[in-house]
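Let's take a walk through this protein together. Have the sequence and the 3D view ready, and we'll go from the overall layout to the details.

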Amino acid sequence: MLVPFVDNYYLLLVVPAIAFSGLIQMRMSSTLKKYSGVANKKGLTGRDVAAQMLKLNNIDDVPIKPVAGTWSDHYGRGRSQDGKELKWISLSEPVFNKTSISAVAVAAHEAGHAIQYASKYKLMGLRNFIRPLSNFGSKYGPYLAMGGIIFGFGPLLDIGILLFSGAVLFSLLTLPAELNASSRALIILRNNNMLTKEELSGAKKALNAAAMTYFASLLTNCASFLRLLLLRNRRRR
């Protein structure tokens, strides 16, 4: 979030949230690194697991492809030039052809998103509906709000806050959606004996660590939003 000036609310609310987010990110990286060094006994790669999960749920229109980077995995959707819907799972270098517990957990999570869409999980539809507003509000809302404060123009401040609320709502919807994808993944991994009990415990820890990053993002957005509201109220006194 843009910070044209540092105020007490920023120091009391936003800074601790950012610090907490940093700690959570470090914990996630540490957990994923730990289980990246532990291979599953069946020798399943991330791609193997994602493919099996899709097959078990009769999903045959979601290709799985490698993507550059580290932990840059994602489930993507878009449209071709002729308007045809495209869906895919992108798995990063530490996941696609790797047999580690972390690779399996991350790949299963992304496959969980594909299953959410195939089963018409309502929360994903709602999240996608507000995504454009969230992207716009996250990018421009803070600028407008701070501009309203700096120039003493209340309507501009209110518009900025309203726009940024879309980003907060998106974060609020993202957390349960991510938890649901991980839950689906763990259930399928367990019910189909892809991992042993011990390996499943490691996969759960890896996914929980990743899920905490979404909680940290929500906390940071809420802290930033509350800061704007408090600045607005202080200005109107």
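This is a predicted model: local features need pLDDT of at least 70, side-chain atom pairs count only at pLDDT 80 or more; totals for chains, interfaces and linings use all residues.

The protein has six helices and three strands. As for overall dimensions, the C-alpha atoms fill a box of roughly 65 × 45 × 30 Å, taken along the principal axes.

Now for how the helices sit against one another. Two packed helices are described by the angle between their axes and the distance between the axes.

Start with helix H2, which covers residues 46-56, and its partner H3. H3 itself runs over residues 101-118. The axes of H2 and H3 come within 8 Å and cross at roughly 30 degrees. Angles under 35 degrees count as roughly parallel, so H2 and H3 are roughly parallel to each other. H2 passes H3 in a right-handed crossing. If you'd like to see who is touching whom, look for Gly46, Val49, Ala50, Met53 and Leu54 on the H2 side. On the H3 side, the contact is made by Ala103, Val104, Ala107, Ala108, Ala111, Gly112, Ala114 and Ile115. Sort the residues of this H2 and H3 contact by class and you get 11 nonpolar, two polar and no charged ones.

Next come H4 (residues 122-150) and H6 (residues 197-235), which pack at an angle of about 20 degrees with their axes 11 Å apart. That angle is also under the 35 degrees cut-off, so H4 and H6 are roughly parallel to each other. This time the crossing, as H4 passes H6, is left-handed. Ala145, Met146, Gly148 and Ile149 in H4 meet Arg227, Leu228, Leu231 and Arg235 in H6. In the contact of H4 with H6, five residues are nonpolar, one is polar and two are charged.

H6 has another partner: the axes of H5 and H6 come within 10 Å and cross at roughly 170 degrees. Anything over 145 degrees counts as roughly antiparallel, so H5 and H6 are roughly antiparallel to each other. Their crossing is left-handed. By class, the contact of H5 with H6 has 21 nonpolar, eight polar and six charged residues.

That leaves the open space. How much space lies in the largest pocket? The answer is about 630 Å³. Its lining is made of 29 residues, and Asp73, His109, Glu110, Glu178 and Tyr214 lie nearest the centre of the pocket. The elements that give two or more residues to this lining are helix H1 (8-36), strand S2 (74-79), H3, H4, helix H5 (154-191) and H6. Which helix gives the largest share of the lining? That would be H6, with seven residues. Taken by class, the pocket's lining divides into 13 nonpolar, 10 polar and six charged residues.

Note on methods. Residues are numbered from 1 along each chain as its sequence is written. Side-chain values use heavy atoms; hydrogens and water are left out. Axes are lines fitted to C-alpha atoms, for helices over the stretch in contact, and angles run from 0 to 180 degrees between N-to-C directions. Helices (H or I, at least four residues) and strands (E, at least two) are DSSP runs, numbered from the N terminus. Angles under 35 degrees count as roughly parallel, over 145 as roughly antiparallel, 65 to 115 as roughly perpendicular and the rest as oblique. A crossing is left-handed if the near helix is turned anticlockwise from the far one by less than a right angle, and right-handed if clockwise. Contact means heavy atoms within 4.5 Å. Ala, Val, Leu, Ile, Met, Phe, Trp, Tyr, Cys and Pro count as nonpolar, Asp, Glu, Lys and Arg as charged, and the others, Gly among them, as polar. On a 1 Å grid over the protein atoms alone, a cavity is a set of points where a 1.4 Å probe fits but cannot get out, and a pocket is an open set with protein on both sides within 12 Å along at least five of seven lines; lining residues have an atom within 4 Å of a point. Grid points are joined across faces, edges and corners, and a volume is the space filled by probe spheres set on the points.
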